[in-house]
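Visitor: I'd like to learn how to read helix packing and chain contacts in a model. Could you walk me through it?

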Amino acid sequence: MIAIVDYGAGNLTSVKRALDYLEIESFITADPGELLSAERIIFPGVGHAASAMRILNQRGLHTALKEAFNSGIPIMGICLGTQIILSHSDEGGTGCVGLIEGNCPKFCLKDKRLKIPHMGWDSIKVVKEHPVLKSVKPEDEFYFVHSYYPQPSDRESVLAECEYETVFPAVIGRSSLVATQFHPEKSGPAGLRILEAFSTWDGLDGLTC
Amino acid sequence: MLSKRLISCLDVRNGNLAKSVKFVETRDIGDPVTTAQRYYEEGIDELVFYDITASSDNRNIIIDVVSEVASKIFIPFSVGGGLRTVEDCTRVRLAGAEKVNLNTAAVACPDLINQASAALGAQAVVLSMDVLSVPASAQIPSGYEIVTHGGRNRTGIDAIRWALEGQERGAGELVVNSIDADGTKQGYEIKLTRKIADSVSIPVIASGGGGKPEHLYDALTEGHADAVLIASMLHFGEYTVKQIKEYLRSRGIKVRIS
């Protein structure tokens, strides 16, 4: 069973619907205990980093995520979930969960014709092979909606990149954690293949710490 | 770099897929979910479901359509028509729509844009504007006026001013629908699309008049649009999503082909 973390931030049901379609069992929970006993965890989210962190802390989910990560439960972050898995976000200037050391800066683009948020379909380039990304083909595109992007301190944690004037990390990961800036649940068949790969990933043959 | 988006608009009346020509004649042409699923499989980037159900008694049917779409189709889609309050917007969002499409209700009550944006986030609010070409005047300096009810009601609001106001109030995207071009299949209103795209910093979706892939190319290049809305080109089987995208790619436009 995959536990989908409920912290009042957006697209929980979209993720649930995609997993239902793939016939992958999942449930939505805000209970720290249920997270720790889950086989896998998806940490989704749309919204504002600082307010999301407040709710996570109130519900004791911040600590539960850390414990789950330390015990090796495979975790997948999506969008805001990916951003606040880092140690800090510039959105609201907040400390975050900190499973990966790093920050979330806002896009600062020279070309004024480029719009923020970076919204729509874009290609990614896998820079480090990973079991969850094994289905990604060079022509695949994924659906992004974001104004901030994840920037791990250690380049080793970058699994795939995207380019929007500047090259930024589109997928990051470390040990049993993998996290996408785009929305696999809204990225058509290419996105569903990523969710499917996560549902069978043991979290072990990923990257070591 | 982002791909240009191809968005299909499906008018839904009492749960059926309908097609209107210049908002006047309307006929039922099939089932919206089956049609949407076919476009999804062919590689459409996004969908818009526009509820044109006349009777408010039948409004809940659209919610059933939205739920069904959301459980089968995994790309962003928006819902418009009949959304008058934030509660209406929240309801379609919970049913699985990524975005809401505001049109007449936003003209009647512009604060609805602010409220929807605060509740759902700017990325979830699409302001759809119906625009009529008129002689330029002191009130309508751009020569483009916002109209409602398919062009029957003039509002006296300048389209450029409304686009900027919509952005200011928290809309995340604009649909620019030319009433003059709608249903003609003679091409998008390029001048209008470009004027608005150059005035705002949010994505602009060209709408009304698309009949051939060349028209889409023109809107995306000369018209400075980020996306194009198409309806009858697909609904009547004249083109497939794949054909259109391959054409655009052959002319150097970045589009998603999977």
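Guide: Gladly! Axes here are lines fitted to C-alpha atoms, for helices over the stretch in contact, and angles run from 0 to 180 degrees between N-to-C directions. Keep in mind that this model is predicted.

Visitor: At what angle do helix α8 and helix α10 of chain B pack?

Guide: Helix α8 (residues 213–220) and helix α10 (residues 241–250) of chain B meet at about 50°, and their axes are 10 Å apart. α8(B) and α10(B) are therefore oblique to each other, and the crossing is right-handed.

Visitor: Which residues of α8(B) and α10(B) meet?

Guide: From α8(B) come Pro213(B), Leu216(B) and Tyr217(B), facing Ile244(B), Tyr247(B) and Leu248(B) of α10(B). By class, this contact has 6 nonpolar residues, no polar and no charged.

Visitor: How do I find the buried side of a helix?

Guide: Residues three or four places apart point the same way, because an α-helix has 3.6 residues a turn. In α5 (residues 111–120) of chain B, the buried residues are Leu112(B), Ile113(B), Ala116(B), Ser117(B) and Leu120(B). Their arc around the axis is only 130°, so they are on the same side of α5(B). Asp111(B) and Ala118(B) are exposed, on the face turned away from that buried side.

Visitor: What do the buried residues of α5(B) pack against?

Guide: Their partners in chain B include α3 (86–94), β7 (125–133) and α6 (159–169). After α5(B) comes Gly121(B), with a positive phi near 95°.

Visitor: And how many residues of chains A and B are in contact?

Guide: 28 residues of chain A touch 21 residues of chain B. On the chain A side, α1(A) gives the most, with 6 residues.

How values were computed
Residues numbered from 1 in each chain as written. Chains lettered and ligands numbered in written order. Predicted model: local features only at pLDDT ≥ 70, side-chain atom pairs only at ≥ 80, totals over all residues. Buried ≥ 20, exposed ≤ 12 C-beta atoms within 10 Å, placed from the backbone. Helix = DSSP H or I, 4+ residues; strand = E, 2+ residues; numbered from the N terminus. Arc of directions from axis to C-beta. Contact = placed C-beta atoms within 7 Å. Parallel < 35°, antiparallel > 145°, perpendicular 65-115°, else oblique. Left-handed = near helix turned anticlockwise from the far one by under 90°. Nonpolar A, V, L, I, M, F, W, Y, C, P; charged D, E, K, R; others polar.
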